[in-house]
Amino acid sequence: MPPAGSPDDLLAAALAARARTYSPYSGYAVGAALRDEHGRVHAAPNVENAAYPQGQCAEASAIGVLIGAGGRRIVEALVVADAAAGLPTPCGACRQRLREFMPLDGLVHLAGLGGVIRSVTLGELLPLSFGPEFLLKETPR
Ligand code: THU
């Protein structure tokens, strides 16, 4: 496992996004921050819905922000939540969402409110995974 970096800009952006969470049903506030291929940071919180399945994880929200801003790749990611309930970590669906845009050796920082607790690669989070190269001859732009 690679050592935890000090992605201070990602943490600050994710905490700011988390502060704007809309999560009245679970009460579990999450922020995600993604660094794109240009070095820009995109962040967003989870957004829940009274029709529960329509809720959106912070990672999914942040991917939408990155793509909408013209980013096409994720080079580093961070997810932050209150670690009192356990190490914050992307859900299975969001691991696959990240897989679409992020290399398997890219770092995903898992953070509590006080900072990064652990950093893992996407490949560690999602081993033996299926991704766009199975279907596409070239990386999409
Ligand atoms: N949640 C995220 O935003 N990211 C994750 O990877 C784990 C779960 C959100 C979804 C829901 O709004 C709340 O946390 C409880 O599941």
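**Ligand surroundings, pocket and cavity**

Student: How far does a polar side-chain atom of Glu48 lie from an oxygen atom of the ligand?

Tutor: The distance is 2.5 Å, between a polar side-chain atom of Glu48 and an oxygen atom of the ligand. Please bear in mind that this is a predicted model.

Student: And what is the distance for the side chain of Asn46?

Tutor: An N or O atom in the side chain of Asn46 is 2.9 Å from an oxygen atom of the ligand.

Student: What about Ala58: how far is a polar backbone atom there from an oxygen atom of the ligand?

Tutor: For Ala58 the value is 2.8 Å, and the atom concerned belongs to the backbone.

Student: Which residues surround the ligand?

Tutor: The surrounding residues are Ser26, Tyr28, Val30, Asn46, Glu48, Cys57, Ala58, Glu59, Thr89, Pro90 and Cys91.

Student: How do the lining residues of the largest pocket divide by class?

Tutor: There are 12 nonpolar, six polar and two charged residues in the lining of the largest pocket.

Student: How many cavities of 30 Å³ or more are there?

Tutor: The count is one. The largest cavity has a volume of about 30 Å³, and its lining consists of Leu34, Glu59, Ala77, Leu78, Val79, Pro90, Leu98 and Val108. By class, seven of the lining residues are nonpolar, none is polar and one is charged.

Student: Which strand gives the most to the lining of the largest cavity?

Tutor: Strand E3, residues 74-80, gives the most, with three residues.

Student: Back to helix H2. Which of its residues are buried?

Tutor: Helix H2 spans residues 58-68, and its buried residues are Ala58, Glu59, Ala60, Ser61, Ala62, Ile63 and Leu66. Their cover includes strand E1 (31-36), strand E2 (41-45), E3 and helix H3 (92-99). Just after H2, Gly70 adopts a positive phi of about 95 degrees.

Student: Which residue has a positive phi although it is not a glycine?

Tutor: Leu128 does, with a phi of about 50 degrees. Leu128 sits in the segment after helix H4 (122-125).

Student: Is Leu128 buried or exposed?

Tutor: Leu128 is exposed, because its relative accessible area is 90%, over the 50% cut-off.

Student: Change of topic: where is Ser23 found?

Tutor: Ser23 lies in the loop between helix H1 (8-18) and E1. The relative accessible area of Ser23 is 10%, so Ser23 is buried, the cut-off being under 20%.

Student: What is Ser23 in contact with, leaving aside neighbours within four places in sequence?

Tutor: Ser23 is then in contact with Tyr28, Ala29, Asn46 and Glu48. Asn46 and Glu48 are also among the residues surrounding the ligand.

Student: How far apart in space are Ser23 and Val47?

Tutor: Their C-alpha atoms are 6.0 Å apart, although 24 residues separate Ser23 and Val47 in sequence.

Student: Last one. Which side chain does the side chain of His109 make a polar contact with?

Tutor: The partner is the side chain of Ser119, at 2.6 Å. His109 is part of strand E4, residues 107-112, and counts as buried because its relative accessibility is 0%.

Key:
Residues numbered from 1 in each chain as written. Predicted model: local features only at pLDDT ≥ 70, side-chain atom pairs only at ≥ 80, totals over all residues. Heavy atoms only, no water. 1 Å grid on protein atoms, 1.4 Å probe; cavity = no way out; pocket = protein on both sides within 12 Å on 5 of 7 lines; lining within 4 Å. Points joined across faces, edges and corners; volume = space filled by probe spheres on them. Helix = DSSP H or I, 4+ residues; strand = E, 2+ residues; numbered from the N terminus. Nonpolar A, V, L, I, M, F, W, Y, C, P; charged D, E, K, R; others polar. Buried < 20%, exposed > 50% of the residue type's maximum accessible area, 1.4 Å probe, protein only. Contact = heavy atoms within 4.5 Å. Near = heavy atom within 4 Å. Polar contact = N/O pair within 3.5 Å; in protein donor to acceptor, adjacent residues only side chain to side chain.
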